[in-house]
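Please read the points below with the structure open beside you, and check each one against what you see.

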Amino acid sequence: MGTKVFVGMSGGVDSSLTAALLVEQGYDVTGVYMKNWTQDMPGMRCPWADDLSDAKRVAVQLGIPFKVYDFQDEYRAKVVDYMLGEYQAGRTPNPDIMCNQEVKFKLFLETALADGAEMIATGHYARSDVNNRKLLRPVDAVKDQTYFLYRVSADALEKTLFPLGIYTKEHVRKMAEKRGLATAFKRDSQGICFVGSVGIKEFLSEFITTSPGEIKEKESGLVVGYHEGAIYYTLGQRHGLNVGGGLPYYVVGKDMEKNEVYVSHNLNDTSMWQNTLQLTDIHWINEPPKEDEPLLARLRHRGKLLRCTITDARLHLDDQERAIASGQSAVLYRGDVVLGGGIVSDGIY
Amino acid sequence: MGIKVYLDHAAATPLDDRAFKAMRPFFSNIFYNPSSSHAGGREARVALEQSRARLARVLGAKPNDIILTAGATESIYLAVHGLMTEGGHVVIGATEHDSVRAAVEPYSHTITQVDKTGYITPEAVRRAIQDDTRLVTIALADSELGTVQPIADIARELDNVRAQRLKDGNNTPLYFHSDGSQAAGALDLSIARLGVDLLTLNAAKCYGPKQAGLLWIRSGIKLSPLFSGGGQERGLRSGTENVANAVGFATAVENATQHRQEVLRETGLMRRAMAEILSREVPRIVIDGHPKKHLPGHLHVSILGLDAERVVFRLDSEGIALSTGAACAANKQTRSKTLEAIGMSAEQADGSLRITIGRLNNLPQVKQAAKVIARIINEELGR
């Protein structure tokens with residue numbers, strides 16, 4: 001038998017094919033469904049039950065053992081509470097990054113290793129250089145998920161396989177179909193998994209008490225509308241401002257203490273543009289990059305790769321960028337290699 | 001792979017050919033609104049009322065007492081919410097479908113006791129009744145174990161309660177509703193013999209169209225509608241009537257009733273063959289439900305230590321379609337309420353399968369499928 005690999009199977013097409021490919025490549029594969037925290041909505045079918053069932057169906061189809069790891073408590077503590085805290089502080093967090101750091105490439109890895117695995121694998125679009133403990137961009141530049149993976153450790157990468165990193169999504173679907181996998185035609189999941197279909201606003205309103213406040217035009221300071229809670233507003237947001245008529249307004253800032261949201265017609269408002277960013281909570285996968293070394297930065301998932309340099313924790317972008325929110329991550333690349341990154345602390349609130 | 005042997009008749013039944021044929025004109029030529037005053041409207045109205053009369057004949061009821069709905073869930077909601085406008089207490093069976101559990105949720109309610117075969121005695125119902133109980137709802141047969149309840153005996157027990165209330169000067173009315181969805185086509189649906197006050201039926205479980213159901217309401221019982229509008233169905237179910245569904249429903253139920261005796265015999269033979277083969281070839285298999293009082297094609301089995309979901313997936317890839325015996329088995333919070341109520345352990349419930357035989361089956365095919373099912377169960381258990 002080959003190396004014992006535990007594959008995180010979510011019930012989607014990507015992780016299904018991941019398991020299938022590893023079986024074909026001669027690994028000794030076990031499928032694992034991670035039960036993360038979800039909030040049950042009354043009267044609705046438990047949304048994850050279908051996913052678990054699909055994952056299990058594929059495992060049975062492949063003839064591999066299948067397990068369920070219950071990570072609900074840890075997930076709630078490390079990911080959901082983090083997200084709620086960040087929103088409350090007026091920042092824009094990214095729960096997927098936290099989930100990868102804390103759950104998939106830490107808790108899952110540790111649990112699997114203790115359970116007899118030698119390695120783990122997931123269906124992420126990324127490549128791992130196991131020998132050199134490096135994370136690399138995948139072949140499919142559009143599906144590239146490395147933005148979500150920059151906080152993973154080198155120790156984890158040494159034990160992680162990303163079999164899909166060398167394929168395009170289109171190719172993955174075709175391969176899944178060819179193998180008759182039950183999930184071949186399943187729609188890709190959208191949005192934050194545990195929020196489900198209710199939408200982020202409704203989800204947050206279940207946990208965070210908000211009070212209505214004023215929406216002010218930045219330039220004039222005039223009250224142009226009212227909001228239900230400043231936390232619901234993200235920088236650059238255009239819709240849902242309850243401000244009627246005329247040119248569209250964009251959110252250009254918030255004051256959480258005063259519970260005020262600031263808007264402007266002017267997309268080019270100078271306060272919206274930045275070319276240096278302070279990063280906190282920096283994580284380097286391997287060695288930190290050299291000072292003034294030309295690098296590439298990505299400020300959001302699927303965002304453009306921007307030319308930059310980094311000195312200490314200060315990121316210098318060659319060209320100005322618009323609407324960088326505090327709390328979002330800046331991920332740094334040297335060519336195809338993901339170096340790591342940090343969380344923007346002096347973006348706009 | 002497609003389905004070669006369909007053993008999931010309790011989940012859905014194929015549309016009866018004659019019903020389909022009878023429905024077709026109402027999707028094309030006879031599209032009219034039964035409320036229209038022209039010839040087209042009259043034609044649709046006649047078809048609708050004839051269907052209602054045919055359904056009434058099967059039940060031995062008056063056509064006017066039948067409200068056509070969009071399925072059993074709606075019928076149940078109409079019965080419960082329609083009767084409980086003034087509040088009060090409800091008694092439901094321990095093996096009721098989720099739609100009944102959900103419908104009574106807003107009201108004070110008691111769930112009856114049940115024995116380990118899923119059988120609910122009149123005494124168990126009586127014990128659950130309070131002075132302010134307005135409604136008792138017990139299914140004719142449950143959808144998981146397929147156990148058939150003594151509805152007529154329960155009705156007689158409720159008569160005693162009513163008599164006692166009269167004596168005590170308690171003028172709270174007591175209504176008896178039964179969900180006959182699983183029983184249509186298999187059991188006698190005569191309301192006179194059943195002794196119920198309200199009866200729900202579902203076309204989709206007896207070879208009729210989906211989203212078609214009825215609620216029979218004994219003359220004189222007043223219900224409030226769930227919503228109002230054009231005032232169709234005596235104001236209890238507003239919205240333009242679905243004539244095609246009514247015609248299909250009536251045709252399907254009529255056919256099922258006409259051929260009931262021979263179908264019962266054949267289905268019973270197939271079920272017995274399935275049970276015998278599984279019992280012989282699978283060690284420690286338990287046949288759940290009532291040994292005698294069960295739906296003719298319904299077989300619920302459980303095997304301790306088995307992961308039934310895996311068996312269902314493997315059978316699926318061999319072209320055999322059936323269900324796990326406990327809904328949402330993976331989710332401990334929503335493990336089958338029915339199996340919990342009869343005292344089945346969670347581990348046993350996770351190893352349970354529901355095999356429901358019907359019109360799409362024949363004896364040789366069922367015997368062959370039984371052997372495949374037994375083989376896969378044994379493989380899963382490492383035997």
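1. Chain A has 349 residues, for which a compact globule would have a radius of gyration near 20 Å, and the chain agrees with this because its own value is 22 Å; the radius is taken over C-alpha atoms, and the globule rule is 2.2 Å times the number of residues to the power 0.38. Along the principal axes, the C-alpha atoms of chain A fill a box of roughly 70 × 55 × 35 Å.

2. Please keep in mind that this is a predicted model, in which local features need pLDDT of at least 70 and side-chain atom pairs count only at pLDDT 80 or more, while totals for chains, interfaces and linings use all residues. Residues are numbered from 1 along each chain as its sequence is written, and chains are lettered from A and ligands numbered from 1 in the order in which they are written.

3. Chain A contains seven helices and 17 strands, where helices (H or I, at least four residues) and strands (E, at least two) are DSSP runs numbered from the N terminus. Buried residues account for 44% of the 349 residues of chain A; a residue is buried if 20 or more other C-beta atoms, placed from the backbone, lie within 10 Å of its own, exposed if 12 or fewer do, and partly exposed in between. Among the contacts of chain A between residues at least 6 apart in sequence, 65% join residues at least 24 apart, a contact being two residues whose C-beta atoms lie within 7 Å.

4. Domain bounds come from an automatic or database domain assignment, and for chain A they give domain 1 (4-198), domain 2 (211-261) and domain 3 (270-344). The C-alpha centres of domain 2 and domain 3 of chain A are separated by 28 Å, and their contact takes four residues from each of these two domains.

5. In chain A, the axes of helix α1 (residues 13-24) and helix α6 (residues 169-178) come within 10 Å and cross at roughly 65°; axes are lines fitted to C-alpha atoms, for helices over the stretch in contact, and angles run from 0 to 180 degrees between N-to-C directions. A:Val13, A:Asp14, A:Ser16 and A:Leu17 of α1(A) meet A:Val172, A:Arg173, A:Met175 and A:Ala176 of α6(A).

6. Chain B is divided into domain 1 (5-13 + 260-380) and domain 2 (17-258), whose C-alpha centres lie 28 Å apart. Their contact takes 24 residues from domain 1 of chain B and 26 residues from domain 2 of chain B. On the domain 1 side, α9 (260-281), β10 (298-302) and α11 (337-341) of chain B each supply at least two residues, and α11(B) gives the most, with four residues.

7. B:Leu187 sits in the loop between β6 (175-179) and α7 (191-194) of chain B, and it counts as partly exposed because it has 18 C-beta neighbours inside 10 Å. Leaving aside residues up to four places away in sequence, B:Leu187 touches B:Leu140, B:Ala141 and B:Val148.

8. B:Tyr207 lies in the loop between β7 (198-202) and β8 (213-217) of chain B, and B:Gln211 lies in the loop between β7 and β8 of chain B. Phi is near 70° for B:Tyr207, a positive value in a residue other than glycine, and near 60° for B:Gln211. B:Tyr207 counts as buried because it has 26 C-beta neighbours inside 10 Å, whereas B:Gln211 is partly exposed, with 14 other C-beta atoms within 10 Å.
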